Amino acid sequence: MLKVILALLNGLVGAGLLHLVIILSLPSFSERDAYSRVLGEGPPHRFHVLAARVDAAGLQKTDPFLDTAVCAFDLSENPVRLTARGTLPFWSLATFDSASNEIFSINDRTSVGNGLDVLLATPVQATALRKAQPSPLSQSIIVETRAVQGYAVLRAMAPQASYKPMTTKFLAGADCSTLELR
Amino acid sequence: MQKVLPGLFRLPFLVLLALTVAFGGGIWSTLVALDATTGFGAIRLGAWEAFPQAQTADADPYAKAHRANGGRLLYGSAEGLSFTATVDQKGERLSGRCTYLISGQTPVARLWTLFASRANGEAPATGQDLPVALNSRTVLRDGNGAFVITIAPQAAPGNWLAVPPDEPFRLTLTLLDTPTAGSSGLIDLAMPRIDRIGCGHA
C-alpha cells in the first residue's frame, strides 16, 4: 500500500512538472496564437480587414464599433512604414512582436497631424535612417525594435452606421509596405 | 495489493500508475488553468475585470500561455482597456432570463463601447435591427452625464441593450484612449454598477 501511495505522489510531482513545462513552453509552440493567425490572413506587408465573423485564419473583429485590419511584417531586409489617412472619431494602432508582446501603440490624439505615419525599424536601420534623414520621412515616428517579425493591428471606430464608409476607406487606404533603403 | 497482484506485475503497475497520474493530472490541470484564468494581474472593480498588462512582455507565464492559446488581438496601452463582466454586482451569473440595470459613470476615457456576447465569447450578431451594442456617443445621459442602460431580451425605454433570451451572456466594456490602461490598479476607479432588477416573464 505504501508503494502505491509513493507512486501516486510521484505522479503528482510529475503532473506539477508537466503543468509548468506546458505553461512555459506553450507560447513558443502554439499555432493558434495571434501572430500565426495574422500570417494566415494572407500575404505580409498588407493590411487585411477582418470580418465580423471568425474567418478561416481564426480572427474576427471583436468590437462591433471598431473596424479592424491586421498586417504581418518582417524587418529583416528593410524597415516597414505604416501609414493611413483620414478624419475619424477614433483610430488606434498597436504593433506586436511574434510572441504578441506589445512593441508600440498610438492613437489619433497622440499622432502627428490627423494621419498615421509610423516607421518600424531595427536599431541598425534606425541609425541609418537618422543619418540619411530622407525628407519624406521627416514627419514619421520612428520606432526602434529588436523584434524582427511581428504584426500590426489598426482599429478604426464607427460609432454610428453613417461612419462606416469613412472607416472602410481609412482601412482600405492603410499601407504597411517595406521601405527601400539606399 | 500484494495479494491481488503477483510480484512480477507490481513494479510495472506502479510505474503505469505514476505515469497516468503525471500525464493525466498535468494535462488536465493545464487545460483547467488556461480555461479558468487569463493570468494574474487582473484589476477587479465590482463585477468588472480587466488585464492591463496582458499584452505586454511583463505579463506572467499564465497570461502569456493564455494569450498564445487564445490568439486574440489585444489592445495596446495607447488604444484602450477592455473590461468584461460575467456576473452582476452580487456575484450571480448574468442570464438572459433576467433584466439588469447598468448605471453610473465610466472611468475617464475619450470613448467607450459596450456589447453583450455569448458566454463563450462569440461576438454578438451585428446587422440585426436590435441594439446589441452601445457606445459613448449613442448612449442617452442625464443632466450629470451619468447613464442608465437596461439589459433585457425585451425592449425597454431609454437605453436598451438587447441580449438573447434564456442564455448566459457576458458584457464587454472597452474604454478607448484611457489613462486607466496605464494604471497599476491602485487608483480609485469607479465602474458602472450592474444590478439585477427582476427575473422571469412576470
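## Strands that pair

Two strands pair if DSSP finds at least two bridges between them. With that in mind, let us look at chain B of this predicted model. In chain B, strands E4 and E10 run antiparallel to each other and share 6 bridges. As background, strands of a sheet pair through backbone hydrogen bonds, either parallel or antiparallel.

Now step back to the whole sheet. E4 and E10 belong to an open sheet of 4 strands in chain B, with mixed pairing and the order E8-E7-E4-E10. Which strands stand at the edges? They are E8 (159–162) and E10 of chain B; each has a single partner strand, so one side of each has no neighbour in the sheet. From one strand to the next, the twist averages 25°.

## A disulfide in chain B

The model has 2 disulfides over all chains. One of them joins Cys98(B) to Cys199(B), with 1.9 Å from S to S. Cys98(B) sits in strand E4 (residues 98–104) and Cys199(B) in strand E10 (residues 193–199) of chain B, so this pair ties together parts that are 101 residues apart in sequence. The torsion about the S-S bond is about 90°, so the disulfide of Cys98(B) and Cys199(B) is right-handed.

Are these two cysteines buried or partly exposed? Cys98(B) counts as buried because its relative accessibility is 5%, and the cut-off for buried is under 20%. Cys199(B) has 39% relative accessibility, so Cys199(B) counts as partly exposed.

## A disulfide in chain A

Chain A has a disulfide too: Cys71(A) is joined to Cys176(A), and the S to S distance is 1.8 Å. This pair links distant parts of the chain, 105 residues apart. Look for Cys71(A) in strand E2 (residues 66–74) of chain A, and for Cys176(A) in the segment after helix H4 (164–172) of chain A.

The link of Cys71(A) and Cys176(A) is left-handed, with -60° about the S-S bond. Both Cys71(A) and Cys176(A) are buried.

## Where the chains meet

Finally, let us see how the two chains touch. In chain A, 57 residues are in contact with 51 residues of chain B. The size of an interface is often given as the accessible area lost when the parts come together. Here, chain A and chain B bury about 4,500 Å² between them, and 62% of it is on carbon and sulfur atoms.

How many salt bridges are there between chain A and chain B? The count is 2. One of the salt bridges brings together the side chains of Asp108(A) and Arg110(B), at 2.6 Å from N to O.

Definitions and conventions: Residues numbered from 1 in each chain as written. Chains lettered and ligands numbered in written order. Predicted model: local features only at pLDDT ≥ 70, side-chain atom pairs only at ≥ 80, totals over all residues. Heavy atoms only, no water. Disulfide = S-S within 2.5 Å. Helix = DSSP H or I, 4+ residues; strand = E, 2+ residues; numbered from the N terminus. Buried < 20%, exposed > 50% of the residue type's maximum accessible area, 1.4 Å probe, protein only. Axes fitted to C-alpha atoms, helices over the stretch in contact; angles between N-to-C directions. Contact = heavy atoms within 4.5 Å. Buried area = accessible area lost by both parts, 1.4 Å probe. Salt bridge = Lys/Arg side-chain N within 4 Å of Asp/Glu carboxyl O.
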